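Subject: Structure for you to look at

Hello,

Here is the structure I promised to pass on. Please open it first, then read my notes below.

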Amino acid sequence: MALYNDTVMEHFMNPHNVGEIENPDGKGIYGSPVCGDMMMVTINVDDNDVITDAKFKTYGCGSAIASSSMATDMIKGMTIDEALEVSNKKIVEELGGLPAIKIHCSVLAEHAIKNAIYDYAEKNGKSYKGLEGYVPETDPDAHEHGCQVEE
Amino acid sequence: MRNVYLDYSATTPVKEEVVKEMIPFLTEKFGNPSSLYGPGLEAKEGLTKARQQVADLINAEEREIFFTSCGTEADNWVIEGVADAFSKKGNHIITTKIEHHAILHTCQYLEKHGAEVTYLDVDEEGFVSPADLEAAIKDTTVLVSIMMINNEVGTIQPIKELAAIAKAHGVLFHTDTVQALGNVPIDVKDLGVDFISMSAHKIYGPKGIGALYKRSGINIPSFVHGGAQERRKRAGTENSAGIVGFGKAAELANEHLYEHAAHSDGLRRKLWEKISAEIPDISLNGPKDFTKRHPGNLNISFDYVEGESILLLLDANGISVSTGSACSSESLDTSHVLNALNVPPEKANGAVRFTVGDFTTEEDIDYVVEKLKEVVAKLRELSPVSGMEGWK
């Protein structure tokens, strides 16, 4: 008996892409320890807008770590436009599902990745359809006490 | 893989002596204790003996023990029963912010039905101030309910002193002793309490059986209505095997109280000494003075990591602990107890409770510390917040 399915447990126990890229092309942070989870993503992007590498560091529960591992796996090799389409729902699907109360943990990865892409776009003067009107938030506590819970 | 259970405050394994005592009440002594023939009378005899065994553990009289389905039922019964029976006197109940949900949610339910409830603050180690209790008592106060030992941080309240304050003001006093029973001496006469709640499965007895001690002479209505069981106070065919098991567990707890507490305390101290020597950036939640703390309890916050992750990785190593973190599987709220102790949320999120018990060994402690060290180091490697500015 386990709290999570085998895919989630595998990504939690042996997470992929752990670490921080030195001098990354883009870096994004989302969440805070006060909230219970926080993720930092660093990415490298080539001239064709393809994400060549992605690494993460996450503070959080099993599903936050597993989502981080899965999401960074998913975006490696994707174009920026494709990566911006990676929603928390898709991450949960790839993980084979999360307990209902843990769905919000996958939002962490979606936001952190978006923030890393935003950072890359800002630094390189680029604009993407998926970022139109996007204002990065690093700390959901800033406007609301406690965790931001999205179902 | 080694299996180490360090969650004795959640529940305990049933001791073999207890199981042995229970089996005949599931087989040949299966009768309904209300029946007036052989098998019924045999079952009835078992109940009487068990009632005496439980009474002996807390220095009460046999007629003052009422078996319930669990500690939670005893808590619900006493809170609702006193509120009902004394409604002419008033509608005010005093409790604390760190009670078990069995008390807190019952109080919240009564608030919806016109009760006024004061939730006393506690200090940073979880202690209730006797002066705060005295100041909170009003003419309309009918009940004070303060748990003897907190389930998360192990704080032992000065129940005798608190009960004396209630008594001086003519207010009834209840204490939930689910975590205290079998771990510290309980003498209802010496403590001067009117009601206590108890549970069997925390003292190596079976689940599904608890009891309320109700001092003779105080009348509260039944909580479960029906037949004449439990001196007409708690209807429903008695869980005779469960009751007999509770009785045996109480007898063993009474015989081995000091030895059990010393064993737990020794291993708990060893666990704390080793963890604090080998793992940096941790803090102890609850009383620093271990003599004022549940003998088997430790509650430790591990900086930069989240409690559920620690729990899962320890579980993968065969080690069972619990967490007060927001990200536990059932709830997204940080522990109300750690909040009340002013533990900052980032530390509460990294809190783990360890409780040792009778079957814990020295080798278990060594194994747990070895694995814990690896697990915390692994998670800190993964964490973006290690050494982060503003963490502390």
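**Two helices in chain B**

In chain B, helix H3 (residues 71-85) packs against helix H4 (residues 101-112) at an angle of about 30°, and their axes are 9 Å apart. Bear in mind that this is a predicted model. The crossing of H3(B) and H4(B) is right-handed. H3(B) brings B:Gly71, B:Thr72, B:Asp75, B:Asn76, B:Ile79, B:Glu80 and B:Ala83 to the contact. From H4(B) come B:Ala102, B:Ile103, B:Thr106, B:Cys107 and B:Leu110. By class, the contact of H3(B) with H4(B) holds six nonpolar, four polar and two charged residues.

**Chain B as a whole**

Chain B has 13 helices and 13 strands. Its radius of gyration is 22 Å, close to the 21 Å that the globule rule gives for 392 residues, so chain B is as compact as a globular protein of that length. Along the principal axes, the C-alpha atoms of chain B fill a box of roughly 70 × 55 × 35 Å. Of its 392 residues, 53% count as buried. Now take the contacts in chain B with a separation of 6 or more: 74% of them are between residues 24 or more positions apart.

**A buried helix**

Look next at helix H10 (residues 307-316) of chain B. Eight of its ten residues are buried, so H10(B) is largely enclosed by the rest of the structure. The buried ones are B:Gly307, B:Glu308, B:Ser309, B:Ile310, B:Leu311, B:Leu312, B:Leu313 and B:Leu314. After H10(B) comes B:Gly318, which has a positive phi, near 80°.

**The sheet in chain A**

Chain A has an open sheet of three strands. The order is E1-E2-E3, and the pairing is antiparallel. Strand E1 (26-32) and strand E3 (51-59) of chain A are the edge strands; each pairs on one side only. From one strand to the next, the twist averages 10°.

Strand E2 (residues 37-45) of chain A pairs with E3(A) in the antiparallel sense over eight bridges. A:Met39 stands opposite A:Thr58 in E3(A).

Two helices of chain A pack on this sheet. Helix H2 (residues 62-75) touches E2 and E3 of chain A, and its direction makes about 175° with that of E3(A). Helix H5 (residues 103-124) touches E1 and E2 of chain A, and its direction makes about 145° with that of E1(A).

**Where the chains meet**

How many residues does each chain give to the contact? Chain A gives 22 residues and chain B gives 19 residues. On the side of chain A that touches chain B, the elements with two or more residues are helix H1 (6-13), E2, E3 and H2 of chain A. By class, the residues on that side of chain A are 16 nonpolar, four polar and two charged.

**One proline in a loop**

One last stop in chain A. A:Pro99 sits in the loop between helix H4 (88-94) and H5 of chain A. For scale, compare A:Pro24, which is 75 residues away along the chain. The C-alpha atoms of A:Pro99 and A:Pro24 are separated by 33 Å.

Best wishes

Notes
Residues are numbered from 1 along each chain as its sequence is written. Chains are lettered from A and ligands numbered from 1 in the order in which they are written. This is a predicted model: local features need pLDDT of at least 70, side-chain atom pairs count only at pLDDT 80 or more; totals for chains, interfaces and linings use all residues. Axes are lines fitted to C-alpha atoms, for helices over the stretch in contact, and angles run from 0 to 180 degrees between N-to-C directions. Helices (H or I, at least four residues) and strands (E, at least two) are DSSP runs, numbered from the N terminus. A crossing is left-handed if the near helix is turned anticlockwise from the far one by less than a right angle, and right-handed if clockwise. Two residues are in contact if their C-beta atoms, placed from the backbone, lie within 7 Å. Ala, Val, Leu, Ile, Met, Phe, Trp, Tyr, Cys and Pro count as nonpolar, Asp, Glu, Lys and Arg as charged, and the others, Gly among them, as polar. Two strands pair if DSSP finds at least two bridges between them. A residue is buried if 20 or more other C-beta atoms lie within 10 Å of its own, exposed if 12 or fewer, and partly exposed in between; C-beta atoms are placed from the backbone. The radius of gyration is taken over C-alpha atoms; the globule rule is 2.2 Å times the number of residues to the power 0.38.
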